[in-house]
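Colleague: I've got the model open. Can you walk me through it?

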Amino acid sequence: MNRYDVVVIGSGPGGEGAAMTAAKAGKRVAVIDWHEAIGGGCVHWVTIPSKVLRHAIWQYQDFRDNPLFARALEHLDIGYPALLEAAGTVIAGQVKMRRGFYDRNDVRLIDGHARFIDMHTVEVTNSRGATQRLQGDHFVVAVGTSPYRPDDVDFSHPRVRDADTILELDTTPGSITIYGAGVIGCEYASIFRNLGCKLNLVNSRDKLLSFLDDEIIDALSYHLRDQGALIRHHEQYERVEPRDDEVVLHLESGKKLKSDFLLWAQGRTGNTDALGLENVGIEVNSRKQIEVGEHYQTSVGHIYAVGDVIGFPGLASASYDQGRFAATHIVEGACDRRLVENVPTGIYTIPEISSIGPTERELTERQIPYEVGHALFRSLARAQIVNCRVGMLKLLFHRETFEILGIHCFGYQAAEIVHIGQAIMSQPDEANDIRYFADTTFNYPTMAEAYRVAALNGINRVI
Ligand SMILES: Cc1cc2nc3c(=O)[nH]c(=O)nc-3n(C[C@H](O)[C@H](O)[C@H](O)COP(=O)(O)OP(=O)(O)OC[C@H]3O[C@@H](n4cnc5c(N)ncnc54)[C@H](O)[C@@H]3O)c2cc1C
């Protein structure tokens with residue numbers, strides 16, 4: 001009974017994509033997860049909770065800025081714990097829905113920690129200490145990552161938090177220091193600053209999110225500062241000193257940043273400790289990630305790995321697709337589908353950011369003759385109606401072929417808007433043409449109309 005065609009370890013997006021694909025192809029599938037409810041870190045402690053929080057705070061701030069509602073909110077104290085409760089409702093809904101997928105497809109869900117015993121066996125130990133062994137012809141390792149915790153920082157202290165434990169905070173901080181200004185650091189900077197907390201955002205580099213287009217980086221820095229965040233670049237921590245009533249971040253530059261809480265946001269490491277990989281001869285890199293080949297096979301052919309545990313791009317969206325492709329390879333012995341070349345980036349700061357494809361900097365370095373088309377949200381009727389005038393859509397296109405090369409957007413609904421351009425940009429050959437947006441008819445008023453405005457703006461520069 002404990003023999004399966006495919007055993008999946010981890011029920012996040014990577015594991016779910018693999019399990020569903022294999023089950024729908026008629027395979028006998030088991031999914032193991034040590035968390036009592038399925039959904040992975042994605043549903044329970046990273047993507048979904050942070051997005052619900054961000055949305056609730058954005059709405060709250062939007063109401064406060066609206067004279068119609070501002071007075072009603074004057075006597076309302078909505079703190080961090082109340083906003084977290086909103087996340088609980090969404091998480092419960094996600095778990096129920098996803099459980100239904102597994103039940104309908106006869107996938108067995110097993111609760112416990114999985115560890116390889118030999119090439120075809122894993123041992124699962126549940127929270128009560130009971131063990132069982134499962135045999136599999138194939139395995140998909142989708143165990144995700146955990147926040148990176150250096151040894152010299154005391155994470156057991158209640159004033160020192162990481163991206164997981166920040167969701168257990170039962171108070172609204174008066175002040176918070178975020179060490180690490182990557183995507184997670186910037187998203188939480190938006191959350192806490194818009195909640196009214198005094199905020200230090202400490203960056204070890206010289207700019208925020210340097211993989212983005214410079215204009216977007218400038219806009220994010222400007223708006224975070226405009227909201228009141230104090231951003232410090234080029235800083236390295238020397239030590240963290242948690243006290244009973246505050247925490248002090250000592251920087252190598254001699255600065256000391258005092259705040260109620262510290263959020264440590266310095267990258268993540270693979271959940272590969274205690275997975276028994278040594279028993280099957282799979283090695284991990286310095287970030288405890290597993291290396292895989294083209295079809296997500298590890299160095300052991302029948303053991304696949306997908307999702308964050310294999311590293312870049314480290315997104316829920318991509319993890320799900322990787323799981324599907326790995327399972328297709330297991331089922332069919334081949335898979336000609338690949339992750340799209342340009343995986344979209346969605347960053348849920350306030351304002352929101354999204355982009356696909358190269359930046360101006362990269363195109364210039366590659367000496368590609370491109371032109372730029374801009375649409376400022378403040379000139380769109382829809383943005384005026386919803387009172388979200390901050391933002392811009394920027395299209396980069398080849399000035400001779402009119403091929404769309406890159407899409408960069410910030411502001412209201414940026415993560416949605418970018419997909420309209422993606423649909424045209426991913427068309428083959430001449431079908432990828434910015435003139436499509438100049439020639440088509442858009443609903444009015446919409447945010448999508450930004451494409452027409454940006455296309456006309458860009459084309460006018462060329463002709
Ligand atoms: C703060 C934050 C915000 C994010 N926001 C976004 C976003 O907006 N959009 C986006 O696309 N991505 C986002 N991400 C990234 C996204 O969360 C991950 O890419 C995604 O969760 C990875 O999915 P996964 O299946 O690889 O692993 P996970 O979702 O982490 O799931 C792994 C599962 O494996 C289980 N597990 C681990 N080891 C074992 C074991 N030995 N035995 C049994 N079970 C085990 C864990 O309990 C967990 O349930 C965010 C990440 C963070 C940290």
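Modeller: Start with P313, in the loop between strand 17 (303-305) and helix 8. Helices (H or I, at least four residues) and strands (E, at least two) are DSSP runs, numbered from the N terminus. This is a predicted model: local features need pLDDT of at least 70, side-chain atom pairs count only at pLDDT 80 or more, and totals for chains, interfaces and linings use all residues. Residues are numbered from 1 along each chain as its sequence is written, and side-chain values use heavy atoms, with hydrogens and water left out.

Colleague: What kind of peptide bond joins F312 and P313?

Modeller: A cis one, with omega about 5°. The bond from Y444 to P445 is also cis, omega near -5°. P445 sits in the loop between helix 12 (435-439) and helix 13 (450-462).

Colleague: Which residues other than glycine have a positive phi?

Modeller: A274 is one, at about 60°. Its place is the loop between strand 16 (268-270) and strand 17. Q413 is another, with phi near 65°. You'll find Q413 in the loop between strand 22 (404-411) and helix 11 (414-425).

Colleague: Why flag those?

Modeller: Most residues other than glycine have a negative phi, and most peptide bonds are trans.

Colleague: Which backbone atoms lie by the ligand's oxygens?

Modeller: A polar backbone atom of C42 is 3.1 Å from a ligand oxygen. For a backbone N or O of G314, the distance to a ligand oxygen is 3.3 Å. Taken alone the ligand exposes 1,000 Å², and the protein buries 94% of that. Those areas are Shrake-Rupley, 1.4 Å probe.

Colleague: Is C186 buried or exposed?

Modeller: Buried, because its relative accessibility is 0%. C197 is buried too, also at 0%. The cut-offs: buried is under 20% relative accessible area, exposed over 50%, partly exposed in between (1.4 Å probe, protein chains only).

Colleague: And how many aromatic pairs?

Modeller: 13. F155 and W264 form an edge-to-face pair, 6.2 Å centre to centre with 85° between the planes. Rings of Phe, Tyr and Trp (its six-membered ring) pair if their centres lie within 6.5 Å; planes under 30 degrees apart count as stacked, over 60 as edge-to-face, the rest as tilted.

Colleague: How accessible is W264?

Modeller: 3% relative accessibility, so W264 counts as buried. W264 also pairs with Y179: centres 4.8 Å apart, planes at 35°, so that pair is tilted. Y179 in strand 9 (residues 175-179) and W264 in strand 15 are 85 residues apart.

Colleague: Which residues do ring pairs link into a cluster?

Modeller: F155, Y179, Y237 and W264.

Technical notes
Polar contact = N/O pair within 3.5 Å; in protein donor to acceptor, adjacent residues only side chain to side chain.
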